[in-house]
Amino acid sequence: MTVQKVSEPYPAGPTIKAFNELWYVLFYVFSMGVLGIHLKHGVESVFQTLGIKTRRYASLIYKLAYGFALIIPTAFSSIPIYIYVMQL
């Protein structure tokens, strides 16, 4: 499957055009990495605020937060990487 060159009136046109630039893709992936760190902290903080983060559940909460922080940014990063690689 190839990514087609699209004209500007197409709603995803500007996005696809931007993701054809390597610097834009790298910045986006970096930003998703920062988002992952933020999500990990946020998920852990939610459980701590609610009083659920005890010694008993600390390991489980850490794994949940780490998994969440990996899955979401990886999924979002895969889109620009796919678009860039397919236009090579």
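This report describes the helices, the aromatic pairs and the salt bridge of a predicted model.

Residues are numbered from 1 along each chain as its sequence is written, and side-chain values use heavy atoms, with hydrogens and water left out. Because the model is predicted, local features need pLDDT of at least 70 and side-chain atom pairs count only at pLDDT 80 or more, while totals for chains, interfaces and linings use all residues.

**Confidence**

The mean pLDDT of the protein is 91, and 90% of the residues score at least 70; pLDDT is the predictor's confidence in each residue, from 0 to 100. Helices are DSSP runs (H or I, at least four residues), numbered from the N terminus.

Helix α2 has 28 residues and reaches 40 Å from its first C-alpha to its last, close to the 40 Å expected at 1.5 Å a residue. The expected span is 1.5 Å times one less than the number of residues in the helix. The buried residues of α2 are Val25, Met32, Gly36, Leu39, Lys40, Val43 and Glu44, where buried means under 20% relative accessible area, exposed over 50% and partly exposed in between (1.4 Å probe, protein chains only). These buried residues pack against α3, contact being heavy atoms within 4.5 Å. After α2 comes Gly51, with a positive phi near 80°.

The 32 residues of α3 should span 46 Å, and its end C-alpha atoms are 47 Å apart, which agrees. Helix α3 has a kink of about 25° at Ser78, shortly before the proline Pro80; the bend at a residue is the angle between axes fitted to the seven residues ending there and the seven starting there. Pro80 is also one of the buried residues of α3, which include Ile61, Ala65, Ala69, Ile83 and Tyr84. Their cover includes α1 and α2.

Ala18 is found in helix α1 and counts as buried because its relative accessibility is 19%. Between Ala18 and Ile83 there are 9.7 Å in space, C-alpha to C-alpha, and 65 residues in sequence.

**Aromatic pairs**

Rings of Phe, Tyr and Trp (its six-membered ring) pair if their centres lie within 6.5 Å; planes under 30 degrees apart count as stacked, over 60 as edge-to-face and the rest as tilted. The count comes to four aromatic pairs. Two of them are tabulated here.

| Pair | Centre to centre | Angle between planes | Type |
|---|---|---|---|
| Trp23 and Tyr24 | 5.5 Å | 75° | edge-to-face |
| Tyr62 and Tyr66 | 6.1 Å | 15° | stacked |

Trp23 is exposed, at 58% relative accessible area, whereas Tyr24 is partly exposed, at 32%. Ring pairs link Trp23 and Tyr24 with Phe19 and Tyr28 into a cluster.

Tyr62 and Tyr66 are four residues apart in helix α3 (residues 55-86), about one helical turn. An α-helix has 3.6 residues a turn, so residues three or four places apart point the same way. Tyr62 is partly exposed, with a relative accessible area of 42%, and Tyr66 is partly exposed at 42%.

**Salt bridge**

A salt bridge is a side-chain nitrogen of Lys or Arg within 4 Å of a carboxyl oxygen of Asp or Glu. The whole structure holds one. It joins Glu44 to Lys40, with the closest N and O atoms 3.2 Å apart. Both residues lie in helix α2, four residues apart, about one turn of the helix. Glu44 and Lys40 are both buried.

Technical notes:
Helices (H or I, at least four residues) and strands (E, at least two) are DSSP runs, numbered from the N terminus.
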